[in-house]
Amino acid sequence: MTTVLIIDDEQTLRGLLARIIQLEGYTVLQATTIKEGLKILSRETVHVVVSDVKLPDGNGVDLTAKIRAEHPGIEVIVITAFGTIEDGVRAIKNGAFDYLTKGDHQEKIIPLINKASEKALLQTQITNLESQIQKKFGFEKIQGNSPAIRSAISLAKKVAATDTNVLLLGETGTGKEVFSRAIHYEGNRKTKPFIALNCSAFPKDLLESELFGHAEGAFTGASRLKKGLIEEAQEGTLFLDEIGEMSLDLQVKLLRVVESREYYRVGDPKPRQANVRFITATNRNLESEVKEGRFREDLFYRLSVFVIQLPPLRERKEDISLFAEAFSHKKIDKDFLQALEKHYWKGNVRELKNVIERCEILSDSDVLTADLLPSDFNDDEGSLTLDSVEKRHIQKVLKIADGNKTQAAKLLGIGLTTLYQKIKDYGI
């Protein structure tokens, strides 16, 4: 039910107005001063305020600006005994829904309150929807209490309120798209589109068409005009995942968009404007890619205005129990959890989720136990990846050196600091 607050120090007129509004089914609250009215607004849910201009402790026109600033979802209707054009203009500029002169306000007030309440209720619905979206996609969605992830979240929160381009770095499965959505939905563009595109999922020619769109007849099969994702994301955010996979000639065209906010559909000579925030991500080392000539240096600097490094799961082992409990529908045995914490997690959170799902399928009870895990779960002997081979070699050398890390570093021909870092990285 809509609640209307009347602020007027004239008791007779206030009471009459309250009665008229109540007969229309509205809940009515009353105040005689600005101070009393603001106190009611601080503790009650109010949708529409009807305020006199001349009040004992201030001006209703000035009050309008304060209410709109502190309670943007509330609509304000201003009423005065001596209306002036100047007051009316100022009231509207301050955010008033409308401005009425006493005398004819009794006939006009109900239709106005009906319209104002509709607008206020719609704004409430929008606010509630935005709150739900933030809970689903915002920073609350990102789990973890480890210093590494909290640091990344802190950086993301700071940049979210800006339009700055963001580059997210991290291995596959570290949550780059989750972060990109959180930055968007907690930023200034949250009510506008969020569009995600994986650059590695399309061949070069098709990726260009997906990104920029194409005109009818631009190429064989282009039977109709197609909007590109840049256009679909207008005024919102375009998330380009695996940006390191983009071809050099397409990088040139993307650079034009980032620099000049201008682009062309494929086969269309007419330039189009792009009001888009770019968030990009990659699991590659783009600086190395630049040195090798596989990524444009100018585009790299345009996209990496604000860089956030997302930590792999092996560097935030204290968060593994949180993810395991979130992914599992069953209880988790202590030995099972210890086995999870020892694992290297090359696939990060995505791999952990898959392991939990597999174990739940295999389990015949309501508890996940270590025997459900593969026998070689924490043994990389079967793997021929460079990381796995290096990990096994370090383990063997440490065994030869009886755990003496200084001696092991000498045998390996690396610095002691490097050895400690690799021990940490590999969870040895």
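Reader: How do the residues lining the second largest pocket divide into nonpolar, polar and charged?
Author: In this predicted model, the second largest pocket has a volume of about 240 Å³. Its lining includes L41, E44, H47, P72 and Q123. The division is 4 nonpolar, 7 polar and 1 charged.

Reader: Which element gives the most to the lining of the second largest pocket?
Author: Q123, T124 and T127 are among the lining residues. Helix α5 spans 105–137. With 3 residues, the element that gives the most is α5.

Reader: Which element gives the most to the lining of the largest pocket?
Author: The largest pocket holds about 780 Å³ of space. Of its 25 lining residues, the closest to the centre are G173, T174, G175, V178 and V349. The elements giving two or more residues to this lining are α5, α7 (176–185), α13 (320–327) and α15 (348–362). The top contributor, with 5 residues, is α7.

Reader: How many residues in the lining of the largest pocket are charged?
Author: The lining of the largest pocket has nonpolar, polar and charged members.

Reader: Which strands stand at the edges of the open sheet of 5 strands?
Author: The strand order is β9-β12-β15-β8-β16, with parallel pairing. An edge strand has a single partner, so one of its sides is left without a neighbour in the sheet. From one strand to the next, the twist averages 15°. The edge strands are β9 (194–198) and β16 (306–309).

Reader: What is the bridge partner of L169 in β16?
Author: L169 belongs to strand β8, residues 166–169. Strands β8 and β16 run parallel and are joined by 4 bridges. In β16, the partner of L169 is Q309.

Reader: At what angle does helix α6 run to β16?
Author: Helix α6 covers residues 147–160. It lies across β8, β15 (277–282) and β16. Its angle to β16 is about 155°.

Reader: Is L419 buried or exposed?
Author: L419 sits in helix α18, residues 416–426. Beyond its neighbours within four places in sequence, L419 contacts I394, K405, A408, A409, L412 and I414. Its relative accessibility is 0%. The cut-off for burial is under 20%, so L419 counts as buried.

Reader: How far apart in space are L419 and I332?
Author: In sequence, 87 residues separate L419 from I332. The distance in space is taken from C-alpha to C-alpha. The value is 33 Å.

Notes
Residues are numbered from 1 along each chain as its sequence is written. This is a predicted model: local features need pLDDT of at least 70, side-chain atom pairs count only at pLDDT 80 or more; totals for chains, interfaces and linings use all residues. Side-chain values use heavy atoms; hydrogens and water are left out. Two strands pair if DSSP finds at least two bridges between them. Axes are lines fitted to C-alpha atoms, for helices over the stretch in contact, and angles run from 0 to 180 degrees between N-to-C directions. Contact means heavy atoms within 4.5 Å. Buried means under 20% relative accessible area, exposed over 50%, partly exposed in between (1.4 Å probe, protein chains only). On a 1 Å grid over the protein atoms alone, a cavity is a set of points where a 1.4 Å probe fits but cannot get out, and a pocket is an open set with protein on both sides within 12 Å along at least five of seven lines; lining residues have an atom within 4 Å of a point. Grid points are joined across faces, edges and corners, and a volume is the space filled by probe spheres set on the points. Ala, Val, Leu, Ile, Met, Phe, Trp, Tyr, Cys and Pro count as nonpolar, Asp, Glu, Lys and Arg as charged, and the others, Gly among them, as polar.
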